[in-house]
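Please read the report below alongside the sequence and the 3D view.

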Amino acid sequence: MSVTAYWRKPSGVFDSFNVSCGEATAYPSYIPYSNDLGNNINASCINVTSGSTHILTVVTISGAETSSDTISLTALPSAVQLSEYDATTTSVTAQWTWSEANDGVAEHFNVYCGSGDPTNTTILVTGDTLYNATCSNVTPGGNVTIIVSSTSGDKTSDNDTIIISAVPETVLYLRETSVTNETIAVSWEPPKGDVDFYQISCFENATLQTVEHTNEKSYTAECNKLTPGEEYKIIVTAYSNQKAGEASSITVITSKYR
């Protein structure tokens, strides 16, 4: 990585430019006068650390006279690499690692939530190796975009983006609607937020039923081929973006006689 300064060729007579970058390496470090030298001249500090700041000095030499000028240059900081850390019905959290040895210099991270509210829009670099960004007050079951960048001096890295799905809420008002000796019918109302489908378990190790979410006010499912007079625990779970909400259950006993 490098940082580069540009300057215009002086209008007067000069012999050369000497360039230095403090502890970094200047390239080129010496620029002699040449008829081929254009009006716009540049030099760089090379092999610098991401996000690091360097003072580039240009000394103009004209005979026995010298003049100098300096500029502070900051290298572009590294981008973070986000991963999903946590999700609840009301918040989602992304995580990333950062160390100066591996990632370079940064002063803080910038956080943006596509929906909901960021717990912190700016997170200071403290020397820790793990950092989290949380978006709260999100829609249950909804997709949330989190964007994070790093900043050092006047430079900000490229964004890294992740989409995390919040956990859907529990279904509402699960209840039996009819019972015979071999069947149990139940109904429920959808939770607030986003839902893709509902999964119904009629008993342990039973084949799971799926009911698609279609924006209805209520949904029904029926458990068949049951044993008369037996107790069954029927479980209904909402799913959104492959994440399951907290299950809701009801215990019902079939009629004893056919």
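## Basis of the analysis

This is a predicted model, in which local features need pLDDT of at least 70 and side-chain atom pairs count only at pLDDT 80 or more, while totals for chains, interfaces and linings use all residues. Residues are numbered from 1 along each chain as its sequence is written, and side-chain values use heavy atoms, with hydrogens and water left out.

## Number and pairing

A disulfide is taken here as a pair of cysteine sulfur atoms within 2.5 Å, and by this rule the count comes to three disulfides. When the bonded cysteines of the chain are numbered in sequence order, they pair as 1-2, 3-4, 5-6.

## C21 and C45

C21 is joined to C45 by a disulfide with an S to S distance of 2.1 Å, and the torsion about this S-S bond is about -90°, so the disulfide is left-handed. Because C21 lies in the loop between strand 2 (16-20) and strand 3 (25-27) while C45 belongs to strand 5 (residues 40-46), the pair ties together parts that are 24 residues apart in sequence. Strands (E, at least two residues) are DSSP runs, numbered from the N terminus.

C21 and C45 are both buried, a term that stands for under 20% relative accessible area, with exposed meaning over 50% and partly exposed lying in between (1.4 Å probe, protein chains only).

## C113 and C135

The sulfur atoms of C113 and C135 are 2.0 Å apart and form a disulfide, and this link is left-handed, with -90° about the S-S bond. The pair links distant parts of the chain, with C113 in strand 10 (residues 108-113) and C135 in strand 13 (residues 130-136), 22 residues apart.

C113 has a relative accessible area of 8% and is therefore buried, and C135, at 0% relative accessibility, likewise counts as buried.

## C202 and C223

A disulfide is also formed by C202 and C223, whose sulfur atoms are 2.0 Å apart, and with -85° about the S-S bond this link is left-handed. C202 is placed in the loop between strand 19 (197-201) and strand 20 (209-212), and C223 in strand 21 (residues 219-223), so that the pair ties together parts that are 21 residues apart in sequence.

The relative accessible area of C202 is 5%, so this residue is buried, and C223 counts as buried at 2% relative accessibility.

Methods. Helix = DSSP H or I, 4+ residues; strand = E, 2+ residues; numbered from the N terminus.
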